[in-house]
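Thanks for coming. I will take one model today and go through a few of its features in order.

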Amino acid sequence: MTNRKHGKCACGNIEYSYEGEPINTAFCYCKECQAHTGSDKYFALWVPKDSLRLDKGETAVFTRLGDSGQPLHHHFCKDCGVTVYIVVTVVDMVSIAAVTLDDSDNLTPAMAIYTASAPKWACLPEGIPHFEKLPPGVG
């Protein structure tokens, strides 16, 4: 029996699934994530790239360079504009937008990253590690 979790964009034209438990969950406060979400942060779960499967539709892709100088491929729905996941090439993982999961109620962030870029009005969560950029050894 597989332990696949499913998700989709807002209009349902893109559907995906992944298997296994996330490597990590994080709030990202970088300026790019703020621009993509229209909010103070992006809530993501990190999974190995090979565990993700696109089940329906075809994503559009926006590529930008991360702090590492390596590309980040933002996969989004061309119809509703929702970023579904980001392929993080420097660590060969996928950062899935938690809000796109069919069931994200039991997810909580394990860390907050790029907090130096958080707007002054952002409410940073208590009880988890905060990193001005990335934690040591990541990216």
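Let me start with Tyr114, which sits in the segment after β10 (111-113); helices (H or I, at least four residues) and strands (E, at least two) are DSSP runs, numbered from the N terminus. Before going on, the ground rules: this is a predicted model, where local features need pLDDT of at least 70, side-chain atom pairs count only at pLDDT 80 or more, and totals for chains, interfaces and linings use all residues. Residues are numbered from 1 along each chain as its sequence is written, and side-chain values use heavy atoms, with hydrogens and water left out.

Tyr114 is not a glycine, yet its phi is positive, about 55°. Most residues other than glycine have a negative phi. Is Tyr114 buried or exposed? Tyr114 counts as buried because its relative accessibility is 12%; buried means under 20% relative accessible area, exposed over 50%, and partly exposed in between, with a 1.4 Å probe and protein chains only.

Asp92 also has a positive phi, near 55°, and is a residue other than glycine. Asp92 lies in the loop between β8 and β9, and at 48% relative accessibility it counts as partly exposed.

Now the interior. A nonpolar core here is a set of buried Ala, Val, Leu, Ile, Met, Phe, Trp, Tyr and Cys residues joined through side-chain atoms within 4.5 Å. The largest one has 22 residues, and Tyr18, Leu45, Leu52, Tyr85, Val94 and Ile96 touch the most other members. At least two residues of this core come from each of β2 (15-19), β4 (42-48), β8 (83-88) and β9 (93-97). Apart from it lies another core, of 15 residues, and Tyr114 is among them, as are Cys30, Ala97 and Met111.

Val94 deserves a slide of its own. Setting aside neighbours within four places in sequence, Val94 is in contact (heavy atoms within 4.5 Å) with Leu45, Trp46, Val47, Lys49, Leu52, Tyr85, Ile86 and Val87.

Last, a sheet. Three strands form an open sheet in the order β1-β2-β5, with antiparallel pairing; two strands pair if DSSP finds at least two bridges between them. β1 (4-8) and β5 (52-56) stand at the edges with a single partner strand each, so one side of each is left without a neighbour in the sheet. Between β1 and β2 there are 5 bridges, and His6 has Ser17 in β2 as its bridge partner.
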